[in-house]
Amino acid sequence: MFWIIKNGVKMTGMPAFQPTHQDEQIWDIVGFVRRLPQTSAEDFKAMEKQFGESSEREQRLHHE
Ligand code: HEM
């Protein structure tokens, strides 16, 4: 999963995260995805509340 997220999948819409993310951040994404099956809707809403602001900041950084 780390490799796919880092490099993307050729000829599909799956983008490589390498240009915009450090390896450490990609490992965090792997951890996040692996935890999703045990994540409830309530957990997810709580995360949005806690991290929403920082992820908006990250999105702005990526589009600069
Ligand atoms: C946190 C964001 C993302 C993660 C963790 C992620 C992860 C993955 C993984 C692990 C696969 C491979 C699935 C498999 O073959 O077993 C995949 C495939 C794919 N992803 Fe993403 N992805 C993300 C974002 C995106 C985005 C933003 C797009 C497009 C806008 C996208 C489009 C695709 C497509 C089209 C495939 C299928 C490739 C194929 O046909 O084999 N992904 N993604």
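Around the ligand sit M1, I4, I5, V9, T12, G13, M14, P15, F17, I29 and V33, where being near a molecule means having a heavy atom within 4 Å of it. This is a predicted model, in which local features need pLDDT of at least 70, side-chain atom pairs count only at pLDDT 80 or more, and totals for chains, interfaces and linings use all residues. Residues are numbered from 1 along each chain as its sequence is written, and side-chain values use heavy atoms, with hydrogens and water left out.

Let's look at the shell by class: 9 residues are nonpolar, 2 are polar and none is charged. Gly counts as polar in this scheme. Helix 1 (2-7) and helix 2 (23-35) each give the shell at least two residues; helices here are DSSP runs (H or I) of at least four residues.

Which protein atom is the donor of the iron atom? The only one is SD of M14, at 2.0 Å; donors are N, O and S atoms within 2.8 Å of the metal (3.2 Å for Na, K and Ca), and water is not among the atoms, so sites may look incomplete. M14 belongs to the loop between helix 1 and helix 2.

H21 is in the loop between helix 1 and helix 2 too. Its side chain makes a polar contact (N or O atoms within 3.5 Å) of 2.8 Å with that of T20.

Two buried residues (under 20% relative accessible area) are listed here:

| Residue | Relative accessible area |
|---|---|
| H21 | 14% |
| F2 | 18% |

The whole structure has 1 aromatic pair (ring centres within 6.5 Å). F2 and W27 are stacked (planes under 30 degrees apart), with 4.3 Å centre to centre and 15° between the planes. Because F2 lies in helix 1 and W27 in helix 2, the pair ties together parts 25 residues apart in sequence.

Methods: Buried < 20%, exposed > 50% of the residue type's maximum accessible area, 1.4 Å probe, protein only. Polar contact = N/O pair within 3.5 Å; in protein donor to acceptor, adjacent residues only side chain to side chain. Phe/Tyr/Trp six-rings, centres within 6.5 Å; stacked < 30°, edge-to-face > 60°.
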